[in-house]
Amino acid sequence: MATSRILGPDGQPITTPDLKEPQTSRLLHLQGELQSHPTRGLTPTRLARILDAAEQGDLTAQFELFEDMEEKDGHIASEMSKRRRACVLDWEVVAPPNASTAESKAAEQLGELMTEIPDFEDMVFDVTDAIGKGFACLELEWHRVERWWVPKTITHRPQNWFSLHRGYRQELRLRSNTTEDGKQGEALQPFGWITHVHKAKSGYLERSALFRQLVWTYLFKNYSVGDLAEFLEIYGIPLRVGKYPASASEKEKATLLRALVGVGHNAAGIVPEDMVIEFHNAATGDPKAFELMMSWCEKNQSKVILGGTLTSGADGKSSTNALGNIHNEVRKDLRDGDVRQCNTTLSRDLVYAIAALNGLAPGGMRRAPLMRLNAQEPEDLTAYADALPKLVAIGVRPTVQWAHERLGIPVAQDGEAVLAPPAAPVPPVPPVPTGTAATTAVVPTGQAVTLPPSALMQPQLAQNVAPAVAGWIDRVRELVQRAQSLAEIRDGLDALLPGMTLDQYAAAMAEALTAAQLAGRYEVLQEAANANP
């Protein structure tokens, strides 16, 4: 690949190396290096020396110790697996805030390119190795898919391959015998690594790993397990004492010792006649002291890793449902913090690298698309279905995208089938009297029906008379709704037109009765015409 000038994550121009060749392919001494196992025969003195050496810059033994701890201690492995796998979530690539059309399109293109990365979930899990060990480095090997540069493989490299250079700021470098710019080791190549730093506490990186807080409980628990195994080996077995004469040779003494061991395991054995085996009381004791120590160590480990103990096991005493829920909320807080840190690292070292190499980040790191591991848990649909219409009615204006994110409902893409509210019921169609001229109309469903002229004229008549009658109809409606009795309605109607005399009331009633009588006669005539066509 021809070299080209692009912007690195810090905004400074860099020259890209040959992306197809991983940096460690040239460091054969690292690839052929075999790990040791510091936990074999581990003592408090040796453990202190390992930690002191790490603070002096020799990290190899400390990280090999961390590997052994996670491999040999089932409780640490279980708790770390819970915390790490909580970060393996659904993901998406999103545009930066207030994105332009071009930036939104670039984010969409990047999302498609990242689907070409093999074993993406395994890569996220490898990144979270930094939670326990302080940092994790994954090496990128690139290749072209059509015209696009995408990672071919993303490989986790052991932490003992790296060294720390202390200067104005700490810098992770590959261990080697070379020196660059007065610094021991090789600098990590741009766009060649995903480097995730995760501090359990503030301070120098070699002292900020979570496992540094677990090493002593691991050692104490290991001692207690060994002591318990020795106790169980002799528990309930009587003490055997062999007696030999003063003239016995070393060979005869060895024979007696083998007989004592054979009697203990096989309940049978032979000894010379002049030798004696005596049986004393069986070994007694209480293993609860060992169990108590192991239980304390595991509870301490759960607190360090998950922030509580009730999401790991129940003791039947303090393990109530309410406390369990509180401890689970603490675990979620840790998960959310882990996810935010992973999002930052993957946005910088993976998403931006792909964008920069393919010309999809012309604005540099500041306006590059972002990686998002979605840790948002869906809200209660019933609660939102009841609350959102009320909030919108009083003026709250949430965005549609916010509602989709909170409820965990994806936004439909163009052409996708979506759920829709049921169609409104078709209003009843008035019957058409026989002999009445009919006209065809279309109801909201699009089905043509036949309506009489009077029915077709109703909307127009209602619209024409509305200005004249709307005012007093509203007043009458209000009066009826407020009234408590018919007498109150009567008095209220009189109050609406206080100047109307009895003669005027009589004339109005006469006109109303005459109109009703004429309408009735019309209906009778229509029925007669239908009966005698």
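Figure 1. Buried means under 20% relative accessible area, exposed means over 50%, and partly exposed covers the values in between, all taken with a 1.4 Å probe on protein chains only. The model shown here and in the following views is predicted, so local features are given at a pLDDT of at least 70 and side-chain atom pairs at 80 or more, whereas totals for chains, interfaces and linings use all residues. Residue numbers run from 1 along each chain as its sequence is written, and side-chain values rest on heavy atoms, without hydrogens or water. Trp193 belongs to one aromatic cluster together with Phe63, Phe66, Phe135, Phe162 and Phe211.

**Figure 2. Two ring pairs that share Phe162, one with Phe135 and one with Trp193.** Rings of Phe, Tyr and Trp (for Trp the six-membered ring) pair if their centres lie within 6.5 Å, and the planes are stacked under 30 degrees, edge-to-face over 60 and tilted for the rest. By this rule there are 8 aromatic pairs. Phe135 and Phe162 have ring centres 6.1 Å apart and planes at 90°, so this pair is edge-to-face. Because Phe135 lies in strand β4 and Phe162 in strand β6 (residues 162–165), the pair ties together parts that are 27 residues apart in sequence; helices (H or I, at least four residues) and strands (E, at least two) are DSSP runs numbered from the N terminus. Phe135 is buried at a relative accessible area of 1%, and Phe162 counts as buried at 2%. The pair of Phe162 and Trp193 is likewise edge-to-face, with 5.6 Å from centre to centre and 80° between the planes. This second pair links distant parts of the chain, since Phe162 sits in strand β6 and Trp193 in strand β9 (residues 193–197), 31 residues apart.

**Figure 3. The largest nonpolar core, which has 42 residues.** A nonpolar core is a set of buried Ala, Val, Leu, Ile, Met, Phe, Trp, Tyr and Cys residues joined through side-chain atoms within 4.5 Å. Met114, Met123, Ile194 and Leu350 have the most contacts inside this core. At least two core residues come from each of α5 (101–114), α6 (120–127), β4 (135–145), β5 (148–157), α11 (321–357) and β12 (370–373), and α11 gives the largest share, 11 residues. Leaving aside residues up to four places away in sequence, Ile194 touches several others, including Met123, Val127, Leu138, Ile154 and Leu350, where contact means heavy atoms within 4.5 Å. A second, separate core of 34 residues includes Leu27, Leu47, Met80 and Leu188.

**Figure 4. Two arginines over the face of one ring, that of Phe125.** Arg84 lies at 3.9 Å from the ring centre, and Arg85 lies at 4.3 Å from the ring centre. A charge sits over a ring if NZ of Lys or CZ of Arg is within 6 Å of the ring centre and within 35 degrees of the ring normal.

**Figure 5. The largest pocket, with a volume of about 1200 Å³.** On a 1 Å grid over the protein atoms alone, a pocket is an open set of points with protein on both sides within 12 Å along at least five of seven lines, a cavity is a set where a 1.4 Å probe fits but cannot get out, and lining residues have an atom within 4 Å of a point. Grid points are joined across faces, edges and corners, and a volume is the space filled by probe spheres set on the points. Of the 31 residues that line the largest pocket, Glu92, Val94, Arg372, Gln401 and Glu405 lie nearest its centre. Two or more lining residues come from each of β3 (91–94), α5, α11, β12 and α13 (400–407), with the largest share, 5 residues, from α13.

**Figure 6. The second largest cavity, with a volume of about 40 Å³.** The whole structure holds 2 cavities of 30 Å³ or more. Lining the second largest cavity are Lys82, Arg83, Ala86, Leu306, Arg331, Leu334, Arg335 and Asp338. The elements α4 (74–85) and α11 give two or more residues to this lining, and the largest share, 4 residues, comes from α11.
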